[in-house]
Amino acid sequence: MISVLIGAVVLCLVGGIAVFAEFERQADEWGHVQHGFYAGPVSKITQPFRVPHDYLSRIDIWAYIDGDGAVGDVIARVIPHGSDAPIRESRFSVSHPSNAGAPITIRFAPIPDSRDVLYILELTVLSSPPPFVFIGITSSDVHSAGQVSINGNDSRGHLDLAMRPYWVGRGGRVLEDLIRTDPRRLFLLVDALLLGLLIIFAVAAVWGLHPSGHQRSAIWRAVPRSVLIAACIATFTLTLFLVLSAVPHS
């Protein structure tokens, strides 16, 4: 009985952490965006964009600096379409060499009502060249909201800034988004839970059998233990699933 209570307490704690903790997740619609080439030297870039999520919190871009040991200071502004005032600002430095493949992260306070709002991402290089800053551009038109503008000139081929937006949500909301974007995930989780419950129940029932008989009571005793163990495993699995598909947000 004590072991069942301890297991229930652990289950509630882990489940509460998984449901109420905040996670940062990349918008699925932008998951395959890559840079096709680098444009530059740049002094200012603007890109219209939308995200289908509230609490926009981060944007990754690709950039590099031309010059060994050099650093380029850039300010990023997120501006609602039709407004001159940015809703968020973030300053970052570009120090990646030209062969760096890792993106640069632009972080800002989450925007609560960002779902489907048209924004302009404006990147302005603050440092005077040299060094020269180059920004990653897609090789095709991937943003329906508009095309990139480089140093005041629109892209001739309707190309876009290579960027990946992220949003912040509690574990329950992130899990809902994961299942909504791919319902097969829910069926896989349910199938795994039922199969695990069946296996655990069979093992617990056999383990509880005694040579003297009382098979029926052993089976009944195995039921709550099996359900609790399966629930614990499912909760830990869901928590691990969230951590692997998103990043805990502090």
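Of the 250 residues of the protein, 39% count as buried. The model is predicted, and the protein averages a pLDDT of 75. A score of at least 70 is reached by 56% of the residues.

The secondary structure comes to four helices and 14 strands. Among the contacts in the protein with a separation of 6 or more, 78% are accounted for by residues 24 or more positions apart. The accessible surface comes to about 14,000 Å². Carbon and sulfur atoms hold 62% of that surface.

**Aromatic rings**

The structure holds three aromatic pairs. Two of the pairs are set out in the table below.

| Pair | Distance between ring centres | Angle between planes | Type |
|---|---|---|---|
| Tyr38 and Tyr64 | 4.9 Å | 85° | edge-to-face |
| Tyr64 and Phe134 | 4.9 Å | 5° | stacked |

Why is the pair of Tyr38 and Tyr64 edge-to-face? The planes of these two rings stand at 85°, and planes over 60 degrees apart count as edge-to-face. Tyr38 lies in strand 2 (residues 37-39) and Tyr64 in strand 5 (residues 63-66), so this pair ties together parts that are 26 residues apart in sequence.

Tyr64 also pairs with Phe134, and here the planes are at 5°, so the pair is stacked. The cut-off for a stacked pair is under 30 degrees. Which parts of the protein does the pair of Tyr64 and Phe134 tie together? Tyr64 lies in strand 5 and Phe134 in strand 10 (residues 132-137), so the parts joined are 70 residues apart in sequence.

Ring pairs link Tyr38, Tyr64 and Phe134 into a cluster. Are Tyr64 and Phe134 buried or exposed? Tyr64 has a relative accessible area of 14% and is buried. Phe134 is buried as well, with a relative accessible area of 12%. Both values can be checked against the cut-off, since buried means under 20% relative accessible area.

**A charge over a ring**

Another ring, that of Tyr166, has a charged group over it. The group is the charged end of Arg58, which sits 3.8 Å from the centre of the Tyr166 ring.

Notes
Residues are numbered from 1 along each chain as its sequence is written. This is a predicted model: local features need pLDDT of at least 70, side-chain atom pairs count only at pLDDT 80 or more; totals for chains, interfaces and linings use all residues. Side-chain values use heavy atoms; hydrogens and water are left out. pLDDT is the predictor's confidence in each residue, from 0 to 100. Rings of Phe, Tyr and Trp (its six-membered ring) pair if their centres lie within 6.5 Å; planes under 30 degrees apart count as stacked, over 60 as edge-to-face and the rest as tilted. Helices (H or I, at least four residues) and strands (E, at least two) are DSSP runs, numbered from the N terminus. Buried means under 20% relative accessible area, exposed over 50%, partly exposed in between (1.4 Å probe, protein chains only). A charge sits over a ring if NZ of Lys or CZ of Arg is within 6 Å of the ring centre and within 35 degrees of the ring normal. Contact means heavy atoms within 4.5 Å. Accessible areas come from the Shrake-Rupley method with a 1.4 Å probe; for residues, only the protein chains shown count as cover.
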